[in-house]
Amino acid sequence: MHIEIDEISKQFGTTAALHPVSLAIPSGALVALLGPSGSGKTTLLRILGGLEFPSSGRVLFDGRDATGLSVQERRAGFVFQSYALFRHMTVFDNIAYGLNARPRATRPTKAEIARRVTKLLDLIQLPEIGARYPSQLSGGQRQRVALARALAIEPRMLLLDEPFGALDAKVRKELRQGLRDIHDTTGLTTVFVTHDQDEAMELADLVVVMSMGRIEQIGKPQDIRARPATPFVRDFIGA
Amino acid sequence: MSDAAQIRFRAATEESPAARWTLIALAFAGLAILVFAPLIAVFVEALAEGVTASLKSLASPDARDAIRLTLTIAAISVPLNAVFGIAAAWFITKFDFRGKAFLITLIDLPFSVSPVVAGLCIVLMFGANSALGGWLVAQGYPIVFAMPGIILATMFVTFPFVARELIPVMIEQGRAEEEAALTLGASGWRVFWTVTLPNIRWALLYGVLLCNARAMGEFGAVSVVSGKIRGQTATMPTTIEMQYQEYLSVAAFSLAAVLALLALVTLLLKTALEIRHADQLAAAHRH
Ligand SMILES: Nc1ncnc2c1ncn2[C@@H]1O[C@H](COP(=O)(O)OP(=O)(O)OP(=O)(O)O)[C@@H](O)[C@H]1O
Ligand SMILES: [Mg+2]
């Protein structure tokens, strides 16, 4: 799905989290929002997912105005920074949550839900953990379960807030490749937030560098490396 | 050097043995005098003329009416306060608005206001001499000296228990799980039943137990609004007081023993909860 952000701004009281920003994300792209802490990355991602509403501007999905769509109507697979797994449910029930929440007319049968959850557990390469609770998983396993839960609703796009933030370097590398693979097999338009420039450069097709609520540069990783548009970008990517 | 061998490492917070034993002894003496002795005295007095006399007094119409009324009051006011407490805690923790700190203070108000004052306020507002109360009496729905007044008074006094247990737990858990459920397509109502409520269930039960214990034991506010009409508006605590004033010692203490037993059951359930779900309840007591 093609996503267009048209002059979006966001105020929290007197602080401006986003000055008007514009950005076009081609269908099927894997995009990184890169920037230091407080630059407005999470805010922009939450506006895309419908968890926050912009103070001004529009969001367009496939050319249609989606600014007023509720979070449920957006059908965005969202992976939270701390994963936000439902702590009182098993991994199986976590992944099945979105399917069970559908209105009866479109809800799959129990057997169908079980089949899909099993398939997703295979996809994240954790076929054995369906009966466990989130507290019984490692950080990396939790991250993958959160991804599977987001994929279960057959989302129109995938939004991830610092998906590898809380993990050690080795696991990060593995999961990076995992996300790339899942993106390539599903073909979903994917936006992820990071403040790690290596991660952004290595993984993304398109990198959006942000600072203080503004977009500093949009470009392919190699272009940003070769031609930083502003002194901030040059500093930040350490070129 | 022999000096070095003599050094004993002691935690900074560790007291000398003498101080420690004195403190422990003091704590036990305090507990014995303030808690155990009165509790035992209640049961001793209740059984002063034997078990049969005690049971007979409990079977009297006055005692039976009082027990029935107290249980009815608790059965109505505790669920209502549970609902209000959940609503208040949810509103306070899931939304950002100005005056939040003030609202939290307001929830605690019933703890700092004397129950007698609370009872008088209800009498002033709904008594037959007030415009509202006079009108309600004329319609055949008296509040004061009737069940609705007792329920109002009980609810006022016990309002903070549930909300106070829930607010810290819900603040600690944050909004992320609810937001995740919303992005997965769940409606707000569904999120409440499948995510919010299960996450707070033990803290809620804990708050409800405390609320219930207090609802059954409330004396001050209830004695002001109820008028203590025997067989109609006399609850267990007010009946105990009346019987005691009339030198019906066995009757008063038998009823008091029943009330104490109900409280002990509550305490046992509460302790069981604390042992089994310490992690979740800890959030509420760290603040
Ligand atoms: N709910 C909120 N209320 C008030 N201010 C907020 C809120 N959410 C974000 N902000 C402010 O908006 C700005 C951008 O925040 P945002 O969370 O988008 O940054 P970020 O780029 O994701 O940072 P980080 O890398 O630390 O997560 C910050 O100054 C932040 O303090
Ligand atoms: Mg962030």
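What share of the contacts in chain B with a separation of 6 or more is accounted for by residues 24 or more positions apart? The legends below refer to a predicted model, and the first of them takes up this point.

**Figure 1. Overall build of chain B.** Of the contacts in chain B with a separation of 6 or more, 73% are between residues 24 or more positions apart. Chain B has 15 helices and zero strands. Its radius of gyration is 24 Å, well over the 19 Å that the globule rule gives for 287 residues, so chain B is more spread out than a compact globule. Along the principal axes, the C-alpha trace of chain B spans about 90 × 60 × 30 Å.

**Figure 2. Surface and charge of chain B.** The accessible surface of chain B amounts to about 16,000 Å², and carbon and sulfur atoms contribute 70% of this area, while buried residues make up 39% of the 287 residues. Chain B carries 19 positive and 19 negative side chains, with the centres of the two sets lying 4 Å apart.

Figure 3. Helix α1 of chain A covers residues 41–49, and eight of its nine residues are buried, so the helix is largely enclosed by the rest of the structure. Among the buried residues of α1(A) are K41(A) and R46(A), together with L44(A), L45(A), I47(A) and L48(A). Just after α1(A), G50(A) adopts a positive phi of about 85°.

**Figure 4. A tilted aromatic pair in chain A.** Over all chains, the structure holds eleven aromatic pairs. One of them is formed by F86(A) and Y97(A), a tilted pair with 4.6 Å from centre to centre and 50° between the planes. F86(A) lies in the loop between β6 (76–79) and α3 (91–100) of chain A, whereas Y97(A) lies in helix α3 of chain A, so the pair ties together parts that are eleven residues apart in sequence. Both F86(A) and Y97(A) are buried.

**Figure 5. Aromatic residues in chain B.** The ring centres of W189(B) and F192(B) are 6.2 Å apart and the planes of the rings meet at 20°, so this pair is stacked. W189(B) and F192(B) are both in helix α11 (residues 188–217) of chain B and, being three residues apart, are separated by about one helical turn. With a relative accessibility of 60%, W189(B) counts as exposed, whereas F192(B), at 17%, counts as buried. Also in chain B, W90(B), F91(B), F95(B) and F97(B) are linked into a cluster by ring pairs.

How values were computed:
Residues numbered from 1 in each chain as written. Chains lettered and ligands numbered in written order. Predicted model: local features only at pLDDT ≥ 70, side-chain atom pairs only at ≥ 80, totals over all residues. Heavy atoms only, no water. Helix = DSSP H or I, 4+ residues; strand = E, 2+ residues; numbered from the N terminus. Rg over C-alpha atoms; globule rule 2.2 N^0.38 Å. Buried < 20%, exposed > 50% of the residue type's maximum accessible area, 1.4 Å probe, protein only. Contact = heavy atoms within 4.5 Å. Areas by Shrake-Rupley, 256 points an atom, 1.4 Å probe, with all protein chains shown as cover. Lys, Arg positive; Asp, Glu negative; His and termini not counted. Charge placed at Lys NZ, Arg CZ, Asp CG, Glu CD. Phe/Tyr/Trp six-rings, centres within 6.5 Å; stacked < 30°, edge-to-face > 60°.
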